[in-house]
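Q: I want to learn how to read features in a protein model. Please walk me through this one.

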Amino acid sequence: MTNRNAGPADIGTAVAELLRCPVCGQSVRLTESRSVVCPARHTFDLSKHGYINLLTRPARVKYDKRLFRSRKIILESGLYDPLHELAARRILETCGGESPLRLLDAGSGEGTHLARIRGKLAAESGHAIWGVGLDIAKEGVEMAARAYPELVWCVGDLARSPLSGGCFDAILNILSPANYGEFGRLLRPGGIVVKVVPEPDYLIELRRLLRADDPDRPVAAGSRAKAHFRKRFNVVGEDRLRYRAEPDRTLLRHLAAMTPLGWQAGEEAERRVEALDGPGVTIDLAVLIGRAAE
């Protein structure tokens, strides 16, 4: 699992510098037998697919392979390319002089958000970009490791983070739960969090169709997330990204399947999506850039 495109020299370098033991918090190293071990001999294996499982106990998650497959199809279709371009531009504006630039995706899923943003950063800056994806869902991390072996992928719990403190220049948190106390620990001085939350018109067409009883619930949650973010970080940038997309019906089905809209509506979701008069959907997101408060 070597890192292409100017990443860490090898997985051993990334493990030693970016990870820590989730049991005792000590530094770790990658052994010749491809195990991750700390001085107290707590040991975790590098899987044959190239990811490291750093959970200390089994985790129950509601995300399955079907959801991650749909998410990968949607992200690879380019539907969220404007978000990836904006995030990369803001990261370069705030910490683009760092090399290597160390980027964490907290809640990385199947990895495409991180891979695409990192690719744009590498192309624009010419700097080395180290990318780490962390998610509690093993199915998503395994898919990410298979698709993007040049990045470092970890199964882990953000509340019991297996990551070293003070070593990340930027943390991505895209439409995903956050742990701001942990983000503050992980960021280097001057580092930033890129937080993405839904605005009022985000997927409004699907919300009205699949959650007619309470179409505004995810947006209300997004408003609370923004308020909480502003309390914990100094907001140094905020963008509203709103555009109309025209996915075909196949992509619409995958778009519904990758969100809580689809899996809360169940099998009925696909039939309802087929009933849409037109294929257009609205992408409406807030992108906040925050630095840890002094």
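Q: How many helices and strands does the chain have?
A: Helices (H or I, at least four residues) and strands (E, at least two) are DSSP runs, numbered from the N terminus. Here the chain has 11 helices and 11 strands. This is a predicted model: local features need pLDDT of at least 70, side-chain atom pairs count only at pLDDT 80 or more, and totals for chains, interfaces and linings use all residues. Residues are numbered from 1 along each chain as its sequence is written, and side-chain values use heavy atoms, with hydrogens and water left out.

Q: What share of the residues counts as buried?
A: Buried means under 20% relative accessible area, exposed over 50%, and partly exposed in between (1.4 Å probe, protein chains only). Of the 294 residues, 53% are buried.

Q: Where does Arg-291 lie, and is Arg-291 buried or partly exposed?
A: Arg-291 sits in strand β11, residues 281-292. Arg-291 counts as partly exposed because its relative accessible area is 27%.

Q: Which residues does Arg-291 touch?
A: Contact means heavy atoms within 4.5 Å. Leaving out residues up to four places away in sequence, Arg-291 touches Thr-94, Gly-190, Gly-191, Ile-192, Phe-233, Asn-234 and Val-236. Take Val-236: it is 55 residues from Arg-291 in sequence, yet the C-alpha to C-alpha distance is 7.1 Å.

Q: What share of the contacts with a separation of 6 or more joins residues 24 or more positions apart?
A: In this chain, 71%.

Q: Where is Lys-65 placed, and why does Lys-65 count as partly exposed?
A: Lys-65 belongs to helix α2. Its relative accessibility is 46%, so Lys-65 is partly exposed.
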